[in-house]
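User: I am new to reading protein structures. Could you take me through one, feature by feature?

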Amino acid sequence: EEVEEENQEVEEEEIWEETFKGHKDSNPFGPSSVGVDFSFPGVEHVYGIPEHADSLTLKTTKDGDPYRLLNLDVFEYELNSRMALYGSIPLMLAHNWSKTIGIFWHNAAETWVDIANSAADKSILGKLLSYFQSEDEVPQTDTHWFSETGVIDAFVLLGPRPHDVFRQYSALTGTTPLPPLFSLAYHQCRWNYNDEDDVANVDKNFDLHDIPYDVLWLDIEHTDGKRYFTWDSHKFPHPEEMQNNLALKSRKLVTIVDPHIKRDSNYHIHKEADANGLYVKKADGSSDYEGWCWPGSSSWIDFMDPAKRQWWAEQFAYDKYKGSTPNLFIWNDMNEPSVFNGPEAGIHRDAIHHGGWENREIHNIYGMFVHQATAEGLVQRMGGTERPFVLSRAFFAGSQRFGAVWTGDNAASWDHLKVSLPMVLSLGVGGLPFAGADVGGFFGNPSSELLVRWYQAGVFYPFLRAHAHLDTRRREPWLFEAEHMELIRQAVRMRYSLLPLWYTVFYETYRTGLPVVRPVWLEFPRDKNTYEMEDQFLLGSALMVKPVTDEHATSVQLYLPGSNVKWYDFVDHISYLGGKRVSVSAPLNKVPVFQRGGTIIPQKLRIRRSSSLMANDPYTLTVALDPEGRAKGQLYIDDGHSLEYQKGAYLLREFEFADNTLHSRAGSASGSFASKSWIERVIIVGYQKAPSSVTITSGAESNAKTLVFSHDSRGEVLVIRRPGINVATKFTISIS
């Protein structure tokens with residue numbers, strides 16, 4: 001009898017056990033699932049739920065698998081796929097010409113989303129019947145959300161405008177704080193720069209070839225045997241001196257710090273984590289979870305515990321992270337978390353986290369907590385005065401509060417270049433605007449043409465980094481033919497010239513939650529021609545960008561929305577009327593960029609070796625007139641690195657052109673910041689007649705100063721030179 005009872009208990013314990021390719025899941029609470037159906041009457045287009053290497057517009061799943069949300073380390077991921085990737089944001093936007101609605105499914109377990117669209121899913125008979133029915137038939141999109149476990153915690157964001165939905169979502173999960181200015185500039189990375197001499201040589205060659213950059217990155221090989229918070233004493237014996245040499249040119253260093261800790265009794269991080277019980281536990285809840293990652297046998301810090309996150313943050317203190325300086329910033333990779341010998345290269349689902357939570361219940365939020373703890377550590381090491389910069393591969397809803405992300409291990413192919421655009425746009429739609437893709441592709445060796453086109457596209461990613469795999473050929477720009485290096489140089493310099501615009505748009509994102517780069521429909525919500533557009537996008541609301549993503553292309557077709565909107569080629573200022581498709585020339589030395597009529601864009605045209613060296617340089621304002629001869633714009637300025645902007649230490653200027661007059665006035669009564677920069681030039685495009693005079697008055701002065709100008713009547717461009725007024729000063733430029 002006793003034997004039978006024991007056998008019965010064992011059977012009951014194992015009744016729900018599951019296996020996956022040899023991995024056992026004890027599944028102690030049995031199989032479970034929660035789900036809800038959401039339908040969107042009148043809607044054909046839905047967006048969001050990143051991350052997938054797929055189209056911006058979500059497709060019907062009637063013919064295949066649902067979209068999967070599960071943070072995974074995916075090696076050489078497939079394109080045009082609903083498979084899970086490195087991050088998960090369960091936010092969907094539904095849009096039609098009259099309204100935008102959002103659904104936020106607040107669940108960190110593995111989640112699947114099925115999509116059925118009445119317009120896309122009609123049978124042959126249904127399509128035949130539609131010929132005999134009214135064209136006013138109302139479409140509908142039906143979605144089915146189901147998660148492995150958890151509770152139903154769903155938020156409906158009622159809009160009704162696209163901008164309203166982003167404001168509502170950011171009220172729940174937060175906005176992106178202003179990043180340090182250097183992080184919006186160009187980052188140079190590969191796995192791996194070999195040693196200190198290699199770092200110095202790369203840094204020197206950027207200067208020799210007059211290519212600006214701000215950050216140099218070190219991958220896992222810089223450490224002592226993949227022990228994070230350490231340096232290889234042979235290859236990097238003087239890390240502080242190396243960082244200080246970069247700092248002489250206002251450049252930074254980023255090192256990689258992953259959450260898997262090498263199980264080595266001589267490694268101080270492991271010894272402390274082991275002694276204090278800081279690791280995720282096995283299913284028994286008591287023994288440390290162990291797996292295999294870059295260092296070999298590893299364990300993972302339990303970031304679900306606030307106390308353990310604080311311990312992690314403390315490891316970035318200068319006296320603990322030996323060899324680090326204020327010039328060092330951090331990259332969190334492999335934080336899905338990745339476990340090489342785990343199920344789907346991940347942690348076992350029955351592993352136990354703080355509070356008794358099984359991994360299956362909180363898996364998708366783990367990487368965000370790694371990101372958070374690292375960012376908080378960088379803030380704490382400087383006494384709460386400086387902004388952090390941390391790049392993370394894994395993410396969840398709310399990750400936007402802690403830094404940047406990227407699209408993971410892409411490849412050097414034209415198809416990967418193409419898909420990077422909807423992937424970055426989808427991340428923005430998902431509330432995570434500070435995102436990019438590895439320029440040139442992580443795997444493989446790009447051709448010169450592909451690399452040039454990727455730089456031309458990449459300078460319009462919010463996060464701009466070139467990165468490559470250990471086994472690829474070196475691809476620093478000067479290693480290519482002179483003509484191609486020059487085109488890369490021009491692209492990077494364009495990014496630097498536009499940093500004032502990028503920074504101003506990031507300020508708008510910080511205040512509103514809007515994406516930095518935007519699907520065209522977000523700014524033109526009633527134009528149905530934009531709803532499936534993913535190969536062109538807007539930087540803020542002012543610049544339309546159409547990267548060239550086809551091999552050997554010398555021209556592109558693009559759509560310029562708004563029948564009453566004028567668009568101007570950003571380089572040659574040729575004007576186009578919106579509401580139609582146009583064909584434009586796009587030789588290898590050009591990326592099609594258009595400024596929207598009615599906008600004013602700030603730039604800095606004196607390009608220096610790094611962004612910080614441009615801090616006091618003058619501004620150029622490009623005024624693109626709408627058909628009524630009007631334009632508006634903003635410029636945001638602060639010190640670019642501290643947290644003082646949160647206390648009001650910033651400058652926001654508003655510019656408005658109307659009735660032949662350009663006004664500059666304060667855009668915020670609460671902000672105050674002293675800037676040494678001044679207005680060097682004003683370019684007005686779409687200005688038809690040559691003026692007789694141009695004058696400026698400023699501040700309390702009543703006397704007008706005459707300005708030098710030139711006018712191109714054929715190109716309709718008026719250039720006003722050297723207004724010479726401090727950017728913080730109220731002024732008026734009058735054209736007679």
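User: Let me start with a sheet. What is the strand order in the open sheet of four strands, and is the pairing parallel or antiparallel?

Analyst: First, a caution: this is a predicted model. Now the general idea. Strands of a sheet pair through backbone hydrogen bonds, either parallel or antiparallel. Here the order is β4-β6-β7-β10, and the pairing is antiparallel.

User: Which strands stand at the edges of that sheet?

Analyst: The edges are β4 (45-48) and β10 (154-157). Each has a single partner strand, so one side of each is left without a neighbour in the sheet.

User: How many bridges join β7 to β10?

Analyst: Four bridges join β7 (residues 100-105) to β10, and the two strands run antiparallel. Helix α3 (residues 162-173) touches β6 (91-95), β7 and β10. The direction of α3 makes about 20° with that of β7.

User: Now another strand. How many of the seven residues of β37 are buried?

Analyst: Six of the seven, so to read β37 (residues 679-685), think of a mostly covered strand. Then look for its partners. Strand β33 (residues 619-624) pairs with β37 in the parallel sense, over six bridges. Strand β41 (residues 717-721) is joined to β37 by five bridges, and those two run antiparallel.

User: Which residues stand opposite I684?

Analyst: V623 stands opposite I684 in β37. I684 also stands opposite L718 in β41. As for side chains, the general rule is this. In a regular strand they alternate between the two faces of the sheet.

User: Let us turn to helices. At what angle do α7 and α9 pack?

Analyst: Start with two values, the angle and the distance between axes. Helix α7 (residues 306-314) and helix α9 (residues 366-381) pack at about 50°, with axes 8 Å apart. That makes α7 oblique to α9. The crossing of α7 past α9 is right-handed.

User: Which residues of α7 meet α9?

Analyst: On the α7 side they are R309, Q310, W312 and A313. Their partners in α9 include F369, V370, A373 and G377.

User: How do α10 and α11 cross?

Analyst: The axes of helix α10 (residues 414-429) and helix α11 (residues 448-458) cross at roughly 5° and come within 10 Å. That makes α10 roughly parallel to α11. Under 35 degrees counts as roughly parallel. In the contact, W414, H416 and L417 in α10 meet residues of α11, among them L450, R453 and W454.

User: How many of the residues of α11 are buried?

Analyst: 11 of the 11 residues are buried, so α11 is largely enclosed by the rest of the structure. Among the buried residues are S448, W454, Y455 and G458. What covers them includes β11 (186-188), α10, β23 (464-466) and α12 (482-497).

User: Last topic, salt bridges. How many does a search of the whole structure find?

Analyst: The search finds 48 salt bridges. Take one pair at a time. The side chains of R263 and D288 meet in a salt bridge, at 3.6 Å from N to O. R263 lies in the loop between β14 (260-262) and α6 (268-275), and D288 in the loop between α6 and β15 (291-293), so the pair ties together parts that are 25 residues apart in sequence.

User: Which residue forms a salt bridge with D569?

Analyst: K590 does, and the closest N and O atoms are 2.8 Å apart. This pair links distant parts of the chain. D569 is in strand β28 (residues 566-569), and K590 is in the loop between β30 (580-585) and β31 (593-596), 21 residues apart. Both D569 and K590 are buried. Another pair is R518 and E523, whose side chains meet at 2.9 Å, N to O. Both R518 and E523 are buried as well.

User: Which residues are linked in a network of salt bridges?

Analyst: Trace D25, R68, E110, E148, E344, R349, E358 and R360. These residues are linked in a network of salt bridges.

Conventions:
Residues numbered from 1 in each chain as written. Predicted model: local features only at pLDDT ≥ 70, side-chain atom pairs only at ≥ 80, totals over all residues. Heavy atoms only, no water. Salt bridge = Lys/Arg side-chain N within 4 Å of Asp/Glu carboxyl O. Buried < 20%, exposed > 50% of the residue type's maximum accessible area, 1.4 Å probe, protein only. Pairing = 2+ DSSP bridges. Contact = heavy atoms within 4.5 Å. Axes fitted to C-alpha atoms, helices over the stretch in contact; angles between N-to-C directions. Parallel < 35°, antiparallel > 145°, perpendicular 65-115°, else oblique. Left-handed = near helix turned anticlockwise from the far one by under 90°.
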